[in-house]
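Take a look at the model below.

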Amino acid sequence: MIENNNQYPHLTTKDKQLCINLAQQTLTNNKVTQTDITTVTQQLGRYPRGIIGIGARCTRCQIPLVVITRPLINGTLPFPTTCYLTSREATKAVSGLESTGVMTQLTSQLADTTDHANHLREQYYRAHEMYLFFRSLLAEHLGDSEEHIASISAGGMPTRVKCLHALVAQSLVFGSGVNPVGDWALTQIKDSFDPHVCRCSIHLTDNQKG
Ligand SMILES: [Zn+2]
């Protein structure tokens, strides 16, 4: 693993351990099945290239909500959005939230000088570094170069809010308390999407459930 303390100044040992655990889970315990690939293909309407793990599932029906994609697809395509939201219900709900213009408000909130904004900015920067550290662990294990996506995370982090889908995906993978904006977005959409309430329109067929 990477032992350069200056590279992730916002991360505690515990934060790093969470990233290490998630990377290990992705690479060893949570292998992608053919059923997952079929389901995600239906969700996205295209074949999902470069998937190495399922980052979050509906806790009721177990279909994938977020997939983990490798940093360099097919050895040629750099892919920074490691945690990619695939649930149709989630993507629709997040798009609805985005259409209300909250990203502009959140971005200016991040640039504010109040104590609340300072705290939010710190947390958001930490989420950014956890994203990068998690991906670097995957890249190292897979032998994927990150040279084209170095210091690029997702969703506009660390200073802007550009894509709530990416931030919600991180919250679903890392759990609450990591990405403050993703966590907030999840509370806003809970009446139409909640990982603990199955409203999934796409299901694994019975013989695929295993
Ligand atoms: Zn479900």
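Helix α6 (residues 164-174) packs against helix α7 (residues 180-188) at an angle of about 95°, and their axes are 7 Å apart. That makes α6 roughly perpendicular to α7. This is a predicted model: local features need pLDDT of at least 70, side-chain atom pairs count only at pLDDT 80 or more, and totals for chains, interfaces and linings use all residues. Residues are numbered from 1 along each chain as its sequence is written.

**How to read the terms**

- Helices (H or I, at least four residues) and strands (E, at least two) are DSSP runs, numbered from the N terminus.
- Axes are lines fitted to C-alpha atoms, for helices over the stretch in contact, and angles run from 0 to 180 degrees between N-to-C directions.
- Angles of 65 to 115 degrees count as roughly perpendicular, under 35 as roughly parallel, over 145 as roughly antiparallel and the rest as oblique.

**The contact of α6 with α7**

- On the α6 side, the contact is made by Leu 164, Leu 167, Val 168, Gln 170 and Ser 171. On the α7 side, Val 181, Gly 182, Asp 183, Ala 185 and Leu 186 take part. Two residues are in contact if their C-beta atoms, placed from the backbone, lie within 7 Å.
- These contact residues divide into six nonpolar, three polar and one charged. Ala, Val, Leu, Ile, Met, Phe, Trp, Tyr, Cys and Pro count as nonpolar, Asp, Glu, Lys and Arg as charged, and the others, Gly among them, as polar.
- The buried residues of α7 are Pro 180, Val 181, Gly 182, Asp 183, Ala 185 and Leu 186. A residue is buried if 20 or more other C-beta atoms lie within 10 Å of its own, exposed if 12 or fewer, and partly exposed in between; C-beta atoms are placed from the backbone.
- What covers the buried residues of α7 includes α3 (88-98), α4 (102-110), α5 and α6.

**The sheet**

- Three strands form an open sheet in the order β1-β2-β5, and the pairing is antiparallel. Two strands pair if DSSP finds at least two bridges between them.
- The edge strands are β1 and β5, and each pairs on one side only.
- Neighbouring strands of this sheet are turned by 35° against each other on average, direction ignored.
- Strands of a sheet pair through backbone hydrogen bonds, either parallel or antiparallel.
- Strands β1 and β2 (residues 64-69) share five antiparallel bridges. Ile 51 has Thr 69 in β2 as its bridge partner. Gly 53 stands opposite Ile 68 in β2. Ala 56 has Val 66 in β2 as its bridge partner.
- Strands β2 and β5 (residues 83-85) pair over three antiparallel bridges. Val 66 has Leu 85 in β5 as its bridge partner.
- Six of the seven residues of β1 (residues 51-57) are buried, so β1 is largely enclosed by the rest of the structure.
- In β2, six of the six residues are buried, so β2 is largely enclosed by the rest of the structure.
- Helix α2 (residues 34-44) lies across β1 and β2, running at about 105° to β2.

- Helix α5 (residues 115-142) has 28 residues. From its first C-alpha to its last it reaches 41 Å, close to the 40 Å expected at 1.5 Å a residue. The expected span is 1.5 Å times one less than the number of residues.
- Just after α5, Gly 143 takes a positive phi of about 75°.
- Thr 35 lies in α2. Thr 35 counts as partly exposed because it has 17 C-beta neighbours inside 10 Å.
- The C-alpha atoms of Thr 35 and Leu 137 are separated by 26 Å, and these residues are 102 apart along the chain.
- Ser 108 lies in α4. Ser 108 and Arg 160 are 52 residues apart in sequence and 8.2 Å apart in space, C-alpha to C-alpha.

- Most residues other than glycine have a negative phi, and most peptide bonds are trans.
- The peptide bond from Met 157 to Pro 158 is cis, with omega near 10°. Pro 158 lies in the loop between α5 and α6.
- Asn 74 has a positive phi near 55°. Asn 74 sits in the loop between β3 (72-73) and β4 (77-78). With 9 other C-beta atoms within 10 Å, Asn 74 is exposed.
- Ser 151 has a positive phi near 65°. Its place is the loop between α5 and α6.
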